[in-house]
Amino acid sequence: QVQLVESGGGLVQAGDSLRLSCVASGRTLSSYAMGWFRQAPGKERERVSSISRSGTNTNYADSVKGRFTISRDDAKNTVYLQMNSLKPEDTAVYYCAAARLGTSYEYGYWGQGTQVTVSS
């Protein structure tokens with residue numbers, strides 16, 4: 001079973017950038033398709049981005065396309081979310097998740113989350 005720990009959140013101003021990291025332990029990251037999710041107060045959790053096990057396929061929510069980039073470094077057992085041109089509406093708790101083995105989007109393992117707050 002894989003354990004996930006996110007970091008990199010913080011308080012920034014609109015237009016700034018942040019890079020979130022998600023470090024996996026317990027099993028090698030290369031076994032898993034990965035995703036980043038976020039949940040703002042009073043809103044449902046939404047998938048922000050996903051990346052395949054090989055790293056060749058990525059997907060983004062329309063709200064972050066062109067601003068966020070997901071990547072993975074399996075040698076470091078780490079997945080990243082580079083967030084540029086941040087907006088106040090990006091404020092949320094961000095979670096990384098690993099898909100169950102053999103699946104691409106059945107996320108069964110979650111980190112504890114990292115808070116991102118964007119001020120206007």
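Tutor: In this predicted model, Arg45 lies over the face of Phe37, with 5.8 Å to the ring centre. Arg45 also lies over the face of Trp110, here at 3.9 Å from the ring centre. The two rings belong together: Phe37, Trp110 and Tyr107 form one aromatic cluster.

Arg45 is also among the residues in contact with Arg38, once neighbours within four places in sequence are left aside. Arg38 has its place in strand 4. Its relative accessibility is 5%, so Arg38 counts as buried. Two polar contacts of the Arg38 side chain can be named. One goes to the side chain of Glu46, at 2.6 Å. Another, of 2.9 Å, joins the side chain of Arg38 to that of Tyr94. Beyond four places in sequence, the contacts of Arg38 include Glu44, Val48, Ser63, Val64 and Phe68, and also Glu89, Asp90, Ala92 and Val93.

Next, the strands. Strand 4 runs antiparallel to strand 5 (residues 46-51), and five bridges join them. Within this pairing, Gly35 stands opposite Ser50 of strand 5. The two strands form a hairpin with six residues between them, and in the turn Gly42 has a positive phi of about 75°.

Strand 5 has a further partner in strand 6 (residues 58-60): three bridges connect them, again in the antiparallel sense. Ile51 has Thr58 in strand 6 as its bridge partner. This hairpin also has six residues between its strands, and Gly55 takes a positive phi near 85° there.

Back to the rings. The structure holds four aromatic pairs. One of them is made by Tyr32 and Tyr109, in an edge-to-face arrangement with 6.0 Å centre to centre and 80° between the planes. This pair links distant parts of the chain, 77 residues apart: Tyr32 sits in the loop between strand 3 (18-25) and strand 4 (34-39), whereas Tyr109 belongs to strand 10 (residues 107-110). Both Tyr32 and Tyr109 are buried.

To put the part together: Arg45 lies over the face of Phe37 and over that of Trp110, and Arg45 is in contact with Arg38. The side chain of Arg38 in turn makes polar contacts with the side chains of Glu46 and Tyr94.

Key:
Residues numbered from 1 in each chain as written. Predicted model: local features only at pLDDT ≥ 70, side-chain atom pairs only at ≥ 80, totals over all residues. Heavy atoms only, no water. Phe/Tyr/Trp six-rings, centres within 6.5 Å; stacked < 30°, edge-to-face > 60°. Helix = DSSP H or I, 4+ residues; strand = E, 2+ residues; numbered from the N terminus. Buried < 20%, exposed > 50% of the residue type's maximum accessible area, 1.4 Å probe, protein only. Lys NZ or Arg CZ within 6 Å of the ring centre and 35° of its normal. Polar contact = N/O pair within 3.5 Å; in protein donor to acceptor, adjacent residues only side chain to side chain. Contact = heavy atoms within 4.5 Å. Pairing = 2+ DSSP bridges.
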